[in-house]
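I am opening a notebook on a structure that is new to me, and I want to write down what I looked up and in what order.

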Amino acid sequence: MEENNSFSIKNWNEDDRPREKLLLKGRIALSDAELIAILISSGSRNESAVSLSQRILASVDNNLSELGRLSIPELMEFKGIGEAKAISIAAAMELGRRRRAGEALERKKITSSNSVFEYIQPIIGELPHEEFWVLYLNNSNKIIKSAQLSKGGITGTVVDVRLAFKEALQLGAVGIILAHNHPSGALKPSQADIQLTKKLKTAGESLDIKVLDHLIITEKAYFSFADENML
């Protein structure tokens, strides 16, 4: 028991205590491992919270996006991480993702394909499965609403064209932007992507609702049908 207590944060030197360091020097002064150590509070019998956090980060090449993809069971595979600590880490990662999505909402006037990417990437860019979303715009190119149209597996999803335009008509949208993610990281549109885009564009023309763009989203990049003159 005495050995275990020696690894408690409250017994560390002041410079090594993440909570105290945050209070004294501010959030920016802490490393990723120290921030995670605050979440999990304590390490294992033979490992400090910071050391455990460093080991977890090392397993994902110190990439916080990759850490956010780890499931509760995967986090619990680390010695010293029980269900409660795993849930704390997962919750923090989700809050970070939602914060990015919230920041994107503030820039909801669409001015380019890149502004679409900034808006939708936090929502679907890091998902392990494919989702198809529609952004509904007014005549000022501001987003009235964004909605998930379908959710599929790793390689694809089925899209109901009627649902897409039913929502557009109800909202009074004058334009829509299509977006879906490729979990594989591939940016090249498939033949199915091309055919679906044509189908939606044709349907939109009959209702006087423009399909302004279709973006394929990955973690760090995107493909725009409009930019590539494929609309």
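This is a predicted model: local features need pLDDT of at least 70, side-chain atom pairs count only at pLDDT 80 or more; totals for chains, interfaces and linings use all residues.

**Entry 1: overview.** I looked up the secondary structure of the protein and found 10 helices and five strands. Of the 231 residues in the protein, 39% are buried. I then turned to the contacts with a separation of 6 or more, and 58% of these come from residues 24 or more positions apart.

**Entry 2: strand S3.** Which residues lie on the one side of S3 and which on the other, and are they buried or exposed? On one side I found Gly175, Ile177, Ala179 and Asn181, on the other Ile176, Leu178 and His180, and all of them are buried, which leaves both faces of S3 covered. Because seven of the seven residues of S3 (residues 175–181) are buried, I describe the strand as largely enclosed by the rest of the structure.

**Entry 3: the partners of S3.** I reminded myself that strands of a sheet pair through backbone hydrogen bonds, in either a parallel or an antiparallel way. Strand S1 (residues 131–137) runs antiparallel to S3 and is joined to it by six bridges, and here I looked up tryptophan 133, whose bridge partner in S3 is alanine 179. With strand S4 (residues 210–217) the pairing of S3 is parallel and extends over seven bridges; leucine 178 has histidine 214 as its bridge partner in S4.

**Entry 4: the whole sheet.** I followed the strands across and read the order S2-S1-S3-S4-S5, an open sheet of five strands with mixed pairing. At the edges are strand S2 (143–151) and strand S5 (222–224), each of which pairs on one side only. Neighbouring strands of this sheet are turned against each other by 20° on average, direction ignored. S5 is joined to S4 by three bridges in the antiparallel sense, and isoleucine 216 has phenylalanine 223 as its bridge partner in S5.

**Entry 5: helices across the sheet.** I looked at helix H10 (residues 191–206), which makes a right-handed β-α-β unit together with S3 and S4. H10 lies across S1, S3 and S4, and runs at about 160° to S4. Helix H9 (residues 161–171) lies across S1, S2, S3 and S4, and its angle to S1 is about 25°.

**Entry 6: aromatic rings.** How many aromatic pairs are there? I counted two aromatic pairs.

**Entry 7: helix H4.** Which residues of helix H4 (residues 49–59) are buried? I listed Ala49, Val50, Leu52, Ser53, Ile56 and Leu57. These residues cover an arc of only 160° around the axis, so they lie on the same side of H4. An α-helix has 3.6 residues a turn, so residues three or four places apart point the same way. Aspartate 61, which follows H4, has a positive phi near 55°.

**Entry 8: asparagine 114.** I located asparagine 114 in helix H8 (residues 113–124), and its relative accessibility of 34% makes it partly exposed. Asparagine 114 and leucine 215 are 101 residues apart in sequence, while the distance between them in space is 9.7 Å, C-alpha to C-alpha.

Notes:
Residues are numbered from 1 along each chain as its sequence is written. Side-chain values use heavy atoms; hydrogens and water are left out. Buried means under 20% relative accessible area, exposed over 50%, partly exposed in between (1.4 Å probe, protein chains only). Helices (H or I, at least four residues) and strands (E, at least two) are DSSP runs, numbered from the N terminus. Two strands pair if DSSP finds at least two bridges between them. A crossover is right-handed if, with the strands pointing away from the viewer, the path from the first strand over the helix to the second runs clockwise. Axes are lines fitted to C-alpha atoms, for helices over the stretch in contact, and angles run from 0 to 180 degrees between N-to-C directions. Contact means heavy atoms within 4.5 Å. Rings of Phe, Tyr and Trp (its six-membered ring) pair if their centres lie within 6.5 Å; planes under 30 degrees apart count as stacked, over 60 as edge-to-face and the rest as tilted. The arc is that of the directions from the helix axis to the C-beta atoms.
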